[in-house]
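Thank you all for coming; I would like to take a few minutes to walk through one protein model with you. Please have the sequence and the structure open while I talk.

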Amino acid sequence: MNARTPRRIAARRTAIAVTAAASALSLAACGVIDSASGSSGSAAPKKGDDITVGLLMPDRKTTRFEKFDSPLIKKQVTALTNGKGKVVAANAEGNENKQSQQLEQMVADKVDVIIVTAVDSKAIASAIQKAKDANIPVVAYDRLAEGPIDAYVSHDNELVGEVQGRSLMEALGAKAATSKVVMINGSLADPNAALFKDGAMTELQGKVQIAGSYDTKDWEPEVAKANMETAIKAVGLSNIDAVYSANDGMAGAVIDALKEAGASEIPPVTGQDADLTAVQRIVSGEQYMSVYKSFILEANNAASVAVAKVQGRSIEFDALTRDSVDSPTQEQIPSMLVPVVALTEDNIKDTVIQDGIYTVQDICTPAYEAACEEIGLK
């Protein structure tokens, strides 16, 4: 195993897309837990419904964490604990030291369980060890943290990259072999970024010309834009046939750099997270695709795993964590890996709108009304 890259043990997934309806069915099948039942032959709970969940989000620039994930987790914890449980949340604002301090403060405050999306997967390990020493379970959310975590809830991150890479291949079509692709990857501090890149390379390597590959510190759009400007100078604006961007925030910065350089037509650009602005760029044709990861399914399962763990309901916990992954510091971490879907102009209705993430009105503001009508959204 690579010392720095998590290895997935779960069987490779073959499907690359799930509809919102399938997501709902998966959620039911995974057994979102009714804490009132206490059935299924599980052991007596270690705690009742009066629990405190610590929730640590990494930053605010990735809009999904505060807009969707955090409120969804809070809502599900409330539902699972008959309104008696509470969530204490903090945001690290992209600062790894601040996040470690926040986690240590939650340990000092004796929360019952912690859900953390790491700013830096390695830097957070010592704080997670302190939680372990205090017998406080830690669930790594969306990003695989190092240290003795009890569970990991995320998406099949290699598959995310595969979906992105495959989408670029479809966009390039017959000219793929002679096409030059610039890769704007995520942060080296986030192990997911390596998985996204690895997944994308399984689709791109040897099939296109990788004209440049750049890692983006802390997923900062400003850094991504600077990297893209460097690529434009090195490769030549007219020679860039497509851009692999690991997420939507960076995709927006990439597109801005291309526009400012004088691009009359934007080449295919990938993304991830289905940010509202990215969906609007897809509608207008500026961004080729994003990867939609069901926030509802991921957040609800994270809350369910955390509550089951702290209440000692091992059967429910095991049912939710059917997958397994390795981190650089731990093997066979119980995991829930949620499927993903390639979001394009063709399936906006069947994904983010059907799931209630956005309404047509949210997307089709006056600036996008004509484009929405053209693709049948209005």
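What you are looking at is a predicted model, and its pLDDT averages 89 over the protein, with 88% of the residues scoring at least 70. The part to treat with caution is residues 1-45, where pLDDT stays under 50, although the model does have 94 contacts beyond four places in sequence for them.

As for the overall make-up, the protein has 378 residues, of which 57% count as buried, and it contains 14 helices and 13 strands. Its exposed surface comes to about 15100 Å², with carbon and sulfur atoms supplying 49% of that area. If we take the contacts between residues at least 6 apart in sequence, 74% of them join residues at least 24 apart.

Let me now turn to the strands, starting with E4, which covers residues 113-116 and runs parallel to E5, the two being joined by three bridges. Within that pairing, Ile114 has Val138 of E5 as its bridge partner. To get from E4 to E5 the chain passes through helix H4, residues 125-133, and this β-α-β crossover is right-handed.

Which way do the side chains of E5 point? In this strand, residues 138-141, Val138 and Ala140 point one way while Val139 and Tyr141 point the other way, and all of them are buried.

Moving on from E5, we come to strand E6, residues 151-155, which pairs with E5 in the parallel sense over three bridges, and here Tyr141 stands opposite Val153. E6 is in turn joined by four bridges to strand E12, residues 330-338, again running parallel, and in this pairing His155 has Val338 as its bridge partner. E12 also pairs with strand E11, residues 323-327, but in the antiparallel sense, over four bridges.

Val113 lies in strand E4, and because its relative accessibility is 0%, it counts as buried. What is Val113 in contact with, leaving aside its neighbours within four places in sequence? The residues are Thr52, Val53, Gly54, Ile136, Pro137, Ala306 and Val310. The C-alpha atom of Val113 is also 8.1 Å from that of Lys309, although these two residues are 196 apart along the chain.

Glu146 is a loop residue, found between E5 and E6. Is Glu146 buried or exposed? Its relative accessible area is 8%, which is under the 20% cut-off, so Glu146 is buried. Beyond its neighbours within four places in sequence, Glu146 has contacts that include Ser121, Lys122 and Ile124, as well as Pro328 and Thr329.

Asp218 has a phi near 55°, a positive value in a residue other than glycine, and it sits in the loop between strand E8 and helix H7, where its relative accessible area of 28% makes it partly exposed. Gln332 likewise is not a glycine, yet has a positive phi of about 50°; Gln332, however, is placed in strand E12, and at 58% relative accessibility it counts as exposed.

Finally, the cysteines. A disulfide is a covalent bond between the sulfur atoms of two cysteines, and the count for this model comes to one disulfide. Cys364 and Cys372 form it, with their sulfur atoms 2.1 Å apart, and both of these residues are buried. The torsion about the S-S bond of Cys364 and Cys372 is about -95°, and the disulfide is therefore left-handed.

That is where I will stop, and I am happy to go back to any of these positions on the screen.

Notes: Residues numbered from 1 in each chain as written. Predicted model: local features only at pLDDT ≥ 70, side-chain atom pairs only at ≥ 80, totals over all residues. Heavy atoms only, no water. Buried < 20%, exposed > 50% of the residue type's maximum accessible area, 1.4 Å probe, protein only. Pairing = 2+ DSSP bridges. Right-handed = clockwise from strand over helix to strand, strands pointing away. Contact = heavy atoms within 4.5 Å. Areas by Shrake-Rupley, 256 points an atom, 1.4 Å probe, with all protein chains shown as cover. Disulfide = S-S within 2.5 Å. pLDDT = per-residue confidence, 0-100.
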